[in-house]
Amino acid sequence: MALTGLEIYKQLPKKNCGECGTPTCLAFAMNLAAGKASLDSCPYVSDAAREALNAAAAPPIAKVVLGTGTATVEMGDETELFRHDKRFYHETAIAILVSDNLSNEELTAKVAAINELQFDRVGQHYTIQAIAIRHDADDPNAFQAAVAAVAAATRLNLILMADDAAVLKTALAGVADRRPLLYAATAANYEAMTALAKEFNCPLAVYGNGLEELAGLVDKIVALGCKQLVLDPGARETSRAVADFTQIRRLAIKKRFRSFGYPIIALTTATDPLAEILQATNYISKYASLVVLRTAAKEHLLPLLSWRQNLYTDPQVPIRVEEKLNEIGAVNENSPVYVTTNFSLTYYSVEGEIESTKIPSYLLSVDTDGLSVLTAYADGKFEAEKIAGVMKKVGLENKVKHRRIIIPGAVAVLKGKLEDLTGWEVLVGPREASGIVAFARANLAS
């Protein structure tokens with residue numbers, strides 16, 4: 001049972017020194033109770049009090065680490081039920097499933113395709129984090145061979161999926177230094193699986209047939225000394241899984257129910273790839289820290305990774321690009337100059353359309369605190385004075401010999417004042433980025 005703020009306060013030194021970052025010990029106790037502070041912030045807490053307060057000081061959802069080195073993925077360590085309350089921090093890891101039933105050629109080809117799942121969109125780099133190898137073959141040696149082959153062909157993290165701890169141990173021996181996730185401890189094998197996870201210092205997935213069985217299993221495994229856990233409540237039908245994930249998250253954060261204070265793993269079951277992506281989207285939206293998929297097609301995964309990226313950005317801080325003069329193509333002193341805001345979606349939409357014109361051009365991104373054109377104009381952050389100041393700041397007059405600049409059609413009202421401030425000719429471009437190609441053909445073609 002989680003301690004209340006007043007119960008925690010009774011254990012604190014009551015110095016009100018402020019060294020923890022809060023003005024009083026009572027305020028610090030309230031933050032501890034809410035999972036928004038660490039007990040380590042208090043330099044004066046006694047050893048006895050520390051032991052008593054460990055449960056209250058721990059985050060509501062434990063941090064679990066998959067992998068090592070640059071490939072490391074942190075899961076959990078979240079404090080919020082709703083993204084708008086603060087933000088979510090550790091984005092959902094995506095894994096692609098392969099089977100040890102595949103031939104060596106098929107396995108090699110699939111891993112090569114998975115390694116190519118890299119995307120660049122609106123200035124962000126998207127990728128997946130892991131490959132899950134499942135033991136389906138009748139021959140236990142096939143699993144060891146498949147794990148070795150995958151490990152040799154990729155630097156992505158590994159998830160080893162087998163019910164038999166002996167089979168897992170044989171395959172794990174060659175890849176333990178990569179700290180794979182072991183899937184999964186069940187009511188039938190949890191003692192052997194826990195011993196294996198402890199021996200090789202690997203995180204362990206816990207599978208329960210429903211929430212009640214899952215909580216009991218977690219308590220037994222923790223009592224055996226294993227705390228790097230990932231939870232699978234067993235539901236495979238989407239609505240049931242989402243309901244279980246929500247219940248786990250709510251109990252962990254609101255009720256501080258320690259048995260559910262771990263990251264969640266979700267396995268998709270839909271056979272149609274688009275239905276599978278929709279299923280995964282639901283799981284990412286409802287608290288899964290790790291999702292295992294079968295489809296590895298780029299056209300299927302890009303929408304999913306884009307959704308993940310949007311969900312794990314700070315809702316109070318728009319995604320933005322740097323304020324600067326950007327070169328698109330082999331620009332020269334005659335290249336046209338466009339201007340837009342530094343909101344990423346706006347900027348990259350405009351950049352893409354300018355590239356399509358095949359005319360080397362400059363694109364001036366003005367810092368509007370990451371707001372789009374009309375929003376920034378309405379907020380007074382995209383005005384003639386601001387644009388003129390940025391033109392001077394980047395030395396635009398030294399980059400081109402002409403004196404023409406193209407502004408978005410949605411802010412055509414800025415034309416007169418910008419011309420007065422700069423002495424440049426201001427061309428009013430299209431209202432939407434999609435009109436840039438036609439505009440360039442009509443106005444810029446030589």
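A residue is called buried when its relative accessible area is under 20%, exposed when it is over 50%, and partly exposed in between (1.4 Å probe, protein chains only). Thr346, at 16% relative accessibility, therefore counts as buried.

This is a predicted model, in which local features need pLDDT of at least 70 and side-chain atom pairs count only at pLDDT 80 or more, while totals for chains, interfaces and linings use all residues. Residues are numbered from 1 along each chain as its sequence is written, and side-chain values use heavy atoms, with hydrogens and water left out.

**Domains.** The chain is assigned domain 1 (5-57), domain 2 (63-312) and domain 3 (324-444); such bounds come from an automatic or database domain assignment. The centres of domain 2 and domain 3, taken over C-alpha atoms, are 45 Å apart.

**Around Thr346.** Helices (H or I, at least four residues) and strands (E, at least two) are DSSP runs, numbered from the N terminus. Thr346 belongs to helix 12 (residues 344-357). Contact means heavy atoms within 4.5 Å. Apart from neighbours within four places in sequence, Thr346 touches Thr340, Thr341, Ser372 and Val373.

**Strand pairs.** In strand 14 (residues 337-341), five of its five residues are buried. Val337, Val339 and Thr341 lie on one side of strand 14, and Tyr338 and Thr340 on the other. Two strands pair if DSSP finds at least two bridges between them. The table gives two pairs.

| Strands | Sense | Bridges |
|---|---|---|
| Strand 14 and strand 15 (residues 361-366) | parallel | five bridges |
| Strand 7 (residues 157-161) and strand 8 (residues 181-185) | parallel | three bridges |

Val339 has Leu364 in strand 15 as its bridge partner, and Leu160 has Leu182 in strand 8.

**A helix pair.** Axes are lines fitted to C-alpha atoms, for helices over the stretch in contact, and angles run from 0 to 180 degrees between N-to-C directions. Helix 10 (residues 273-285) packs against helix 11 (residues 298-311) at about 10°, with the axes 10 Å apart. The two helices, helix 10 and helix 11, are therefore roughly parallel (under 35 degrees; over 145 is roughly antiparallel, 65 to 115 roughly perpendicular and the rest oblique). Residues of helix 10 in this contact include Leu274 and Ile277, and those of helix 11 include Leu304 and Trp307.
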